[in-house]
Amino acid sequence: MHTSLVRNDGNRLDCDTVILFAQPLPKYMNCNAKFKGTKEFTDRLGLKGLPDAKINGPLRFVAIQTEAPVDAPKDKRMLVDNKLATAYYDVGFELPESFAISLNKYAIPAGLFKKKAEKTTNRLKEKQLADVQMITDGRIDFNVNFYDKLLRVILRDKKEKISFVNKRTQSSINFDFNDLNCLYPDLQCHINAEVEAQAKTIYPMPESQINDFTFKTHMVATWANHLLIAQMTNNNISMDQVNVKGIPGLQKSLSKDINFHLDSLIGLYTQDKFKTVGNFTVYQPADTKASLTSEFIVNRNEDFDNNDHDSLSRYRADLGIKVNNFYLSQEIKLIKPLPPVKAKPVVVKEKTTTDSIDTILIKKLILIKKLVELTGLSHLKDLSPQVDFTAPYKVGADIAAIQAKIRAEHQVLYESVTVKPLQLKSDYDITFSAQRNNQKLGKIYSQGHAQLNGSELNINSKFKNSNHALFADMRLLSNFDTGVSNIKLKRHTFTFTPEQDLKSFYIPVLPIDLNITQGQLTTSADITVNKDKQISGFIDLSTHRITGEYESFRFGNVGSHIHLALSSTGVKTQSPLEISADYLDVGVPMSNPRLLAEFDTSNDYYHIAHGTTELYGGNITIEPITITSLSNIKQVRFTVSGVDLARVIAEADQDNIELTGRIDGVIPIALEDGSIVIRNATLQTQKPGGVLRYIQGSTIDKKVKEVGTYSPLNIVEVLGNYHYNSIALAFDYAKNGDLSLKTRIEGNNPDFQHGRPINVNIKLNDNIPKLLRSKEFIDSSPIVAQIKQQLGVQ
């Protein structure tokens, strides 16, 4: 039998059918259709809101009766008690290889495809995945069987490929089916397929972006009663780039070439009993492996105090990550806002039929009433209009008022439904080879737990070096909405020995020339950084018997306690800063240095309560002082007492000169624009004086004996056994490095001219390096001239 149906809108259907009068269903049917879309047919069947395929091309449907499958009932009759009991068909669809589908009420919320910072007042526009393009090979074949009051639809082709593409979000999902079957009317489906999802750009968090996302998996899943259970094996996630800009203190972080592999994942989709909230959950089963590789780059602001001239450091790492206990959960709101009113209703003037009632709104009102009863939202009951759902509107009914009340109740319900934010958590084990700028930092291991709850990121991690020595145990809390991050460095003590020193054991590629070979260092910190890069918190450092060296400087048995409070305006000491050591050699050897100080940079307050050190058998002390600037200091008085000059000469390695005695004095030191300035410094030897002479057999002694009587070097013979009563020095030092020195030496040489007094006044304009070279000081022409004048030698 041939049948043709033609509509004036251009839709056409031509069918050839073989009918057996003993059967209610045809034995064979072949239909060729030319439809613009499927909406008209689904609406006529009362299936409103279903996806609408806009085919705009030829469509062929073929159904052929087949034998019953082996699991079918033994009774093969199609009719039992004049009701359909069994039916077995092979069904095929030939359709265009590509056509658009409007998802209608099954539209997916924007979710990850929408920037978190975007705001919209029209909630209907949030459905960014409302239209997709379906792509097939042009033919789909099913076995369609009906028995035991259930309709079974089974995909015949074991390698059917179907793709769905959304052009707006540049995303797609591809299914390569091995098995697909469904049951109806209680919809249940089972799928076994290779799945590949792709997206050009997704936005998992505020101020973050993932480019070229790809996910591949082998999925076995079952859908029943609004519940989806899926097992995904051989999962691979790849991303070309991940950009994160929302973590304070980081200018930008970039991950490149990310590849994430998981042996197995379990996926669940559930709905609450009111069907207002849907939940997607993905987790990693126990005893399964997961790994990630990536190149990670971070640009970090090194200077929080100067927002105009931040120095950026570039950190790069090749990451290798093992993942355990991976878990992800995302809720979505299923109840949707009502569409806007297209036309203003009027008051009913005559009796109407039930068909004139706004059935969409009435059905929603019934749903609202049920939810009110189930949820106990009693305040909604007062808003419920008294509408007779089985009767038409009465004459005089104000439809606009009724619909307004319905909309008000729906809006209250819509706003009362809340969803939990995205949740993601996982344990991890990271290995990465890092470098700062061009400086390699070596291999670092990190173990910890990461958790994302909406806009809040929580990371707890322990860091170990290539020797698996713990050097940091930290927690990071970051809120991407507020832009606030908190970093807590848990209290940890480093123990140093010659075998486990700082440079070779703890940080083998330390970028500065510092090494610690003995003692303990304890650290802790709690720092908060806001979106404006303003910081607050504290840093706590303490040392116990620390010994080591920095460049050419040596230090031993250093003990200290430094507790610093950080704020947006500066740094201050929470308690007085204490530093002590057994020795400190900075080119000048100091014993038992001690410092007690406190400061507050926000108030330009710097106070030294006590400072002292032993130097060459004497002492150097700093008088208590309070200053307001570190680059411009009016004056700090260093008091010198009892410094042994013999030890000074010995330390200077001057084997030509013997100098004895002790010296006292005051050296006022100032800072002007960061440069040292000394004014009115005075040093005076203690009574009874001492000896200043060259050593017999020394280089100077040999030169004196080789020259004539009136040679300048012969004049230096006076210093062969010079006994001084007093050496007084007064000097100034300018910030350009010039030294102005006035020296008066009073004494005599018992072996020269019967020990007559020889007093010398010296004025010297030179610099400190020349002054410290004692031999040049003794041989210099101003000294020789002064001695010659004392002797009357021209």
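## Exercises on surface, strands and cross-links

Tyr550 is partly exposed, with a relative accessible area of 34% (buried means under 20%, exposed over 50%, partly exposed in between, with a 1.4 Å probe and protein chains only). The model is predicted, so local features need pLDDT of at least 70 and side-chain atom pairs count only at pLDDT 80 or more, while totals for chains, interfaces and linings use all residues. Residues are numbered from 1 along each chain as its sequence is written, and side-chain values use heavy atoms, with hydrogens and water left out.

**Exercise 1.** Locate Tyr550 and state which residues form a nonpolar patch with Tyr550.

Step 1. Tyr550 belongs to strand 28, residues 535-550 (helices, H or I, of at least four residues and strands, E, of at least two are DSSP runs, numbered from the N terminus).

Step 2. Patch members have over 30% relative accessible area and no salt bridge; like charges are joined within 9 Å, and nonpolar side chains (Val, Leu, Ile, Met, Phe, Trp, Tyr) within 5 Å.

**Exercise 2.** Determine the disulfides and describe the link between Cys15 and Cys31.

Step 1. A disulfide is a covalent bond between the sulfur atoms of two cysteines. With the criterion of sulfur atoms within 2.5 Å, the count is two disulfides.

Step 2. The sulfur atoms of Cys15 and Cys31 are 2.1 Å apart. The torsion about their S-S bond is about 115°, so this disulfide is right-handed. Because Cys15 lies in strand 2 (residues 12-18) and Cys31 in strand 3 (residues 28-35), the pair ties together parts that are 16 residues apart in sequence.

Step 3. Cys15 is buried at 9% relative accessibility, and Cys31 is buried at 7%.

Step 4. Cys182 is joined to Cys189, S to S 2.0 Å. This link is right-handed, with 110° about the S-S bond, and both Cys182 and Cys189 are buried. In sequence order of the bonded cysteines, the pairing reads 1-2, 3-4.

**Exercise 3.** Describe the salt bridge of Glu623 and Arg637, then that of Asp52 and Lys54.

Step 1. Side chains of opposite charge can pair when their charged atoms come close. A salt bridge requires a side-chain nitrogen of Lys or Arg within 4 Å of a carboxyl oxygen of Asp or Glu, and the whole structure holds 16.

Step 2. Glu623 and Arg637 meet at 3.2 Å, N to O. Their pair links distant parts of the chain, 14 residues apart: Glu623 is in the loop between strand 35 (618-622) and strand 36 (625-627), and Arg637 is in strand 37 (residues 633-644). Glu623 is partly exposed at 34% relative accessibility, as is Arg637 at 32%.

Step 3. In the bridge of Asp52 and Lys54, the closest N and O atoms are 3.1 Å apart. Asp52 is buried at 6% relative accessibility, whereas Lys54 is partly exposed at 36%.

Definitions and conventions. Areas by Shrake-Rupley, 256 points an atom, 1.4 Å probe, with all protein chains shown as cover.
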